[in-house]
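Let's take a friendly walk through this structure, one stop at a time. Have the sequence and the 3D view at hand as you read.

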Amino acid sequence: MDKCDKLIKELEAAHKKNYCEAHKLEFMVDACWWASVVAAALASVSGLLPLPPYLPLPSWGISLLAASASGAELLRRNTKWRERSNVYYSYGDAAWRLANRLKFEIAHPVTPDQLAHISKEFRTAQEEFGKQMAKLNLARDARSKQIAPK
């Protein structure tokens, strides 16, 4: 296996890994949204309609449903999962573009200069990914310091 094939495999692995991470975060965003919708709907229905006698629900249970709906929505908004998934998607896309350039746009055999240029672009994409994640982490840390009791 030559260096070009190794770089292509590394780029494709980076694409796959980052898309998996992005999909996990998108799942969490969707799960929180649906949990919020379902809990709010259950709280509304149980507060408005008479419940069957075999399913007693005290008033605090309705409040708990409403609170869980609010909690799921707060979790979804405050965790910045969507922003993180966008960073993973952009890094995965960069890796995919570079792999496709190596496979389809550059004439083979690939010269060492061309390979070095693609590798440099990949390192630049990695650095940008690190900077964006660090920025999100700093923002999260700053929010947690504001919320923390003194």
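Start with S36, a residue of helix 1. The model you are looking at is a predicted one. Is S36 buried or exposed? S36 has a relative accessibility of 12%, and because buried means under 20%, S36 counts as buried. What does S36 touch, once its neighbours within four places in sequence are left aside? Its contacts are A69, A72 and E73.

Helix 2 itself covers residues 59-78.

How do these two helices sit relative to each other? Their axes come within 8 Å and cross at roughly 160 degrees. Because angles over 145 degrees count as roughly antiparallel, helix 1 is roughly antiparallel to helix 2. The crossing of the pair is left-handed.

Now move on to F122, which you can find in helix 4, residues 112-147. With a relative accessible area of 3%, F122 is buried. Setting aside residues up to four places away in sequence, F122 touches E10, L11, A14, Y91, A95 and L98. For a sense of distance, pick out L48 as well: F122 and L48 are 74 residues apart in sequence, and their C-alpha atoms are 57 Å apart in space.

F122 also has a place in the largest nonpolar core, which holds 28 residues. Which members touch the most other members of this core? They are L11, L102, I118 and F122. Helix 1 (3-48), helix 3 (81-105) and helix 4 are the elements that each give two or more residues to this core. The largest share comes from helix 3, with 10 residues.

A last stop takes us to the cysteines. How many disulfides does a search of the whole structure find? The search finds 0. A disulfide is a covalent bond between the sulfur atoms of two cysteines. Two cysteines to look at here are C4 and C20: C4 is buried, with a relative accessible area of 6%, whereas C20 is partly exposed at 41% relative accessibility.

How values were computed:
Residues numbered from 1 in each chain as written. Predicted model: local features only at pLDDT ≥ 70, side-chain atom pairs only at ≥ 80, totals over all residues. Heavy atoms only, no water. Disulfide = S-S within 2.5 Å. Buried < 20%, exposed > 50% of the residue type's maximum accessible area, 1.4 Å probe, protein only. Helix = DSSP H or I, 4+ residues; strand = E, 2+ residues; numbered from the N terminus. Core = buried A, V, L, I, M, F, W, Y, C linked by side-chain atoms within 4.5 Å. Contact = heavy atoms within 4.5 Å. Axes fitted to C-alpha atoms, helices over the stretch in contact; angles between N-to-C directions. Parallel < 35°, antiparallel > 145°, perpendicular 65-115°, else oblique. Left-handed = near helix turned anticlockwise from the far one by under 90°.
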